[in-house]
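Open the model in your viewer and keep the selection tool ready. The tour has two stops.

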Amino acid sequence: GQDTYFSCCWLFCFLRPTITSSIMTNALRILSMLIVLQCTVAIDDLPPPDVLVKDAVLRYFDSRGRAEPIRLALHALHIPYTEEKYGRCDGECAPGIIDWSKAKEAGMKSGLFPFGQVPSLSITVGTESYDLVQSGSIMKFLGRKFKFGGKTEREEIYLDMVAGGVEDVVSKYGKMVYSEEFAPGGDLFEEYITTYMPLWFGHFNKLLGDKQFFGGDRLTYADVLAFNMFDLNIRMHPEIQEQFPNIKAFYQRVKGHPGITKYLRSPMRRKYANGPSAFFDNEHVPPFMFDDVHMKDEL
């Protein structure tokens, strides 16, 4: 962008002395006008993401899981996408669900799933196509490609730090709710909501301070990651947000983003946070505040 800016301005300055001469042709006059126009355009202004993106396909299981921050980010950026949904169904899959074992084998062979894992995002931006895996890498890609990250290197490093802290909490949560030793009200549950959750909410509450978002005054990929993490925990222990007013305000603020609000109210938002093999927040063990009767309270 800057190279184009300086080149066109340099060329205009070079030609300008000849513009007023009697031998200037109409062609040169038109060219000089085009150069002026080129120089006055804000080079950094990009078309909206939904104009840039020609195609986007998100692949994951039919649950929120590790793909949910990506869904939230795509909706925040107003990027249209389709989904390929997988299930461990041994070839007897429900309509719209693809058998994971077969898809995994094909994906590893083709290179689409280099680690044999999902989520996976295939996306075409302008003339460039990308096949991406690893949820953190996908989120950072969206941050860089669509100005959804830091404005400066310092801000970007700070947001990476926030994202790293979020990952610590999400990993702890995931290992716990998928453990056979976990049960709502049990020892693991009580230790988590009384010790671990308040400790980390305190860290993030302090980082937020009185800012609107972690990076300042605009939503970024790190905020989406943090929102998803807070959501997982609030669904387990709703009272936790009352102890941390900065997080409570942030949580509602992100919910109020037009693209995210639209997604949260749509059928695309899965009812439960975890897959069928988890021991909490699925159809077998619904979260306390979001049973069938009170599901509307999510918003």
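Select Asn-274 and what surrounds it. Beyond its neighbours within four places in sequence, Asn-274 is in contact (heavy atoms within 4.5 Å) with Ser-63, Tyr-173, Val-177, Tyr-178, Phe-280, Asp-281 and Asn-282. This is a predicted model, where local features need pLDDT of at least 70, side-chain atom pairs count only at pLDDT 80 or more, and totals for chains, interfaces and linings use all residues. Residues are numbered from 1 along each chain as its sequence is written, and side-chain values use heavy atoms, without hydrogens and water.

Where does Asn-274 sit in the chain? Look in the segment after α11 (258-264). Helices here are DSSP runs of H or I with at least four residues, numbered from the N terminus. Asn-274 is buried (under 20% relative accessible area), at 9%.

Now show the side chain of Tyr-173. A polar contact of 3.0 Å links it to the side chain of Asn-274. Such a contact is a pair of N or O atoms within 3.5 Å, one able to donate a hydrogen and the other to accept it; residues adjacent in sequence count only if both atoms are side-chain atoms. Next, show the backbone oxygen of Phe-280: a polar side-chain atom of Asn-274 is 2.9 Å away.

Second stop: select α4 (residues 68-76) and α6 (residues 135-145). Their axes, lines fitted to C-alpha atoms over the stretch in contact, are 9 Å apart at an angle of about 15°. The two helices α4 and α6 are therefore roughly parallel (under 35 degrees).

Finally, show side chains. Pro-69, Ile-70, Ala-73 and Leu-74 of α4 meet Ser-135, Ile-138, Met-139 and Leu-142 of α6.

Note on methods. Buried means under 20% relative accessible area, exposed over 50%, partly exposed in between (1.4 Å probe, protein chains only). Axes are lines fitted to C-alpha atoms, for helices over the stretch in contact, and angles run from 0 to 180 degrees between N-to-C directions. Angles under 35 degrees count as roughly parallel, over 145 as roughly antiparallel, 65 to 115 as roughly perpendicular and the rest as oblique.
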